[in-house]
Amino acid sequence: MKKWIRKLLNTNVTVTHSNYEEQNFSEALKEYTKQNPTTLSEFRDVGKRNDQKNFYEEVKKIENGYNLLYRDLSIYDGNGVPKIDEYASIRNGNPLRLKPFPLCRKFILRSLFSRHLYIYPPSIIGETDYRAHVVNYLEKEGFQLQKSEKYDGLGIENVAFSYSTMHAYTLVLNTIARKEDVILMTGPNYGIFAVATEVLNARVEIINLREEDDWYINPEILSKRIDEINQKLKKEFENQLDYTPKVIAFLNINPHNPTGKVLNNKTKDILLKMGDVCLEKGVFVIDDMVYRDLTFDQNDLAIPLATIPKYFNNTITIIGLSKSYSLASLRAGAIIAPIPIIRGIENQISSSLDCISMLQSAALAGAFNGTKKRYQKAHKYFQKSIKEYQYRLNLLEALIYGIQNVNNHQNKILKEFKQYTKDPKKLKILLEGIPKTKIKVYPESGFFAMIDFTDLKGLKGEEITIQNDADFVTYLYKKTKINCLMGLNMSWPNDDIVARCNFAIEKQDLIHNMFLINQAVRDLK
């Protein structure tokens with residue numbers, strides 16, 4: 001069977017490229033490109049608001065950061081420094097290269113051999129039996145099935161499938177947010193979600209995380225920030241719309257991207273206070289839990305807020321396969337929410353996609369089901385992956401602080417270094433670590449670490465004086481062709497110079513990236 005499937009999928013095909021000449025455009029195409037000039041650019045664009053207004057301040061900063069990475073740095077492409085492939089770069093968002101979660105593959109194969117593939121799926125938001133599997137999983141994870149006071153219980157009507165967590169997020173936004181309503185996000189955040197919010201004509205405001213709070217949300221500050229924003233909106237849009245825009249939702253990424261901090265039993269009081277604030281203020285919580293299964297402490301995972309009945313009708317939970325289950329390319333996510341929200345999502349899917357594919361439904365049910373087998377497989381699968389993620393973090397520590405300052409895996413890391421280079425000078429640089437550099441936030445989940453280069457301020461290299469994020473990433477790209485995501489791409493809350501590092505890339509690629517950064521830092525004067 002495996003050989004047959006490989007033969008079926010690994011077909012050879014000739015790839016043909018094309019280009020365009022504007023002189024060949026039809027009148028209709030000329031008019032379209034005149035109205036949408038960015039479609040003529042070879043560079044990636046984060047998009048524009050659908051209402052054609054400019055992005056608001058916070059998202060404008062993020063847009064500028066992405067324009068720097070994707071467009072402005074290209075002026076250095078011809079300087080003879082070899083490029084680093086995206087998949088080998090610390091910038092990318094890919095998880096460890098592991099086999100997909102085995103039950104996902106099993107459920108997908110089973111669906112492929114169904115006798116009913118000629119029939120349109122009977123449910124717009126995902127096949128009924130597969131959503132039932134997810135409900136059984138949710139019960140195992142603490143969601144309450146039975147009705148209780150002010151709680152309606154949980155069933156398949158509360159679950160909708162989507163094409164990725166990004167798709168899930170946009171479906172949620174289109175359902176709950178009116179034009180100019182605010183989604184409140186932390187700084188730092190996942191910048192792409194911030195941009196997507198304003199593309200859909202909503203608005204992003206930021207609540208800064210603080211080092212003194214150990215990078216967790218501060219519920220008291222959250223409460224004050226919601227009131228502050230609502231007062232501002234009331235004044236700004238008085239007599240302009242037939243409604244007053246408001247803070248409609250708080251995006252709670254748990255575990256957090258990019259900090260990797262987790263709201264679990266150890267920090268449950270913070271989660272409950274956050275839930276109470278949002279309940280009192282009439283603000284939905286969008287609970288993004290895509291990194292949940294990568295919590296390093298597998299005995300204390302991130303807590304879904306909606307497992308607590310009083311918060312269920314105020315919470316929209318998003319889960320997916322990309323990060324934890326090694327299925328990023330499949331693009332599959334799920335939404336758990338009150339029935340009216342799910343019905344709004346169903347209407348959107350019906351009008352744009354007809355329905356969700358059987359393959360996505362099968363894969364989601366393979367990962368999220370309540371069977372004993374699923375939990376046995378998951379225990380083995382995540383025990384192995386978490387062990388490797390933690391080793392990669394140790395490897396990153398050695399690359400930054402020097403191997404003598406790492407307590408775990410010194411001999412193994414030394415072998416990795418010697419595999420990378422036989423040159424004694426290069427090896428010495430690797431062993432010593434990167435000067436004036438540190439890990440800003442230690443993750444408790446996932447595979448990102450925030451690296452702090454703030455102590456490089458004032459130093460100069462390649463005719464660039466390092467004063468901020470933009471200066472540093474410009475210098476780094478010119479010198480090494482590394483263009484990692486910086487604080488300016490994620491609403492970092494102060495003027496630190498920080499970069500997000502993916503330590504899940506191949507070990508030799510991680511060493512190579514950090515060696516190049518090490519050399520670049522040492523060349524600053």
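Biologist: How many cavities of 30 Å³ or more does the structure hold?
Modeller: The structure holds four of them. A cavity is a set of points on a 1 Å grid over the protein atoms alone where a 1.4 Å probe fits but cannot get out, and its lining residues have an atom within 4 Å of a point. Points are joined across faces, edges and corners, and a volume is the space filled by probe spheres set on the points. Please note that this is a predicted model, in which local features need pLDDT of at least 70 and side-chain atom pairs count only at pLDDT 80 or more, while totals for chains, interfaces and linings use all residues. Residues are numbered from 1 along each chain as its sequence is written, and side-chain values use heavy atoms, with hydrogens and water left out.

Biologist: What volume has the largest cavity?
Modeller: The largest cavity has a volume of about 130 Å³. Its lining has 15 residues, and Ile217, Asn252, Ile253, His256 and Leu263 are the closest to its centre.

Biologist: Which strand gives the most to that lining?
Modeller: Strand β4 (residues 247-253) does, with four residues. Helices (H or I, at least four residues) and strands (E, at least two) are DSSP runs, numbered from the N terminus.

Biologist: And the second largest cavity, what space lies in it?
Modeller: About 100 Å³. Of its 14 lining residues, Tyr137, Met289, Arg292, Ile319 and Phe368 are the closest to the centre. The largest share of this lining, three residues, comes from β6.

Biologist: Is Arg292 buried or exposed?
Modeller: Arg292 is buried, at a relative accessible area of 9%. Buried means under 20% relative accessible area, exposed over 50% and partly exposed in between, using a 1.4 Å probe and protein chains only. Not counting residues up to four places away in sequence, Arg292 touches several residues, including Tyr137, Glu141 and Pro255. Contact here means heavy atoms within 4.5 Å.

Biologist: Changing topic, why is helix α7 largely enclosed by the rest of the structure?
Modeller: Helix α7 (residues 191-199) is largely enclosed because eight of its nine residues are buried. Among them are Phe193, Thr197 and Glu198.

Biologist: What covers those buried residues of α7?
Modeller: The cover includes α3 (57-70), α6 (164-176), β2 (182-187), β3 (203-208), β4 and β5 (284-288). Just after α7, Asn201 takes a positive phi of about 75°.

Key:
1 Å grid on protein atoms, 1.4 Å probe; cavity = no way out; pocket = protein on both sides within 12 Å on 5 of 7 lines; lining within 4 Å.
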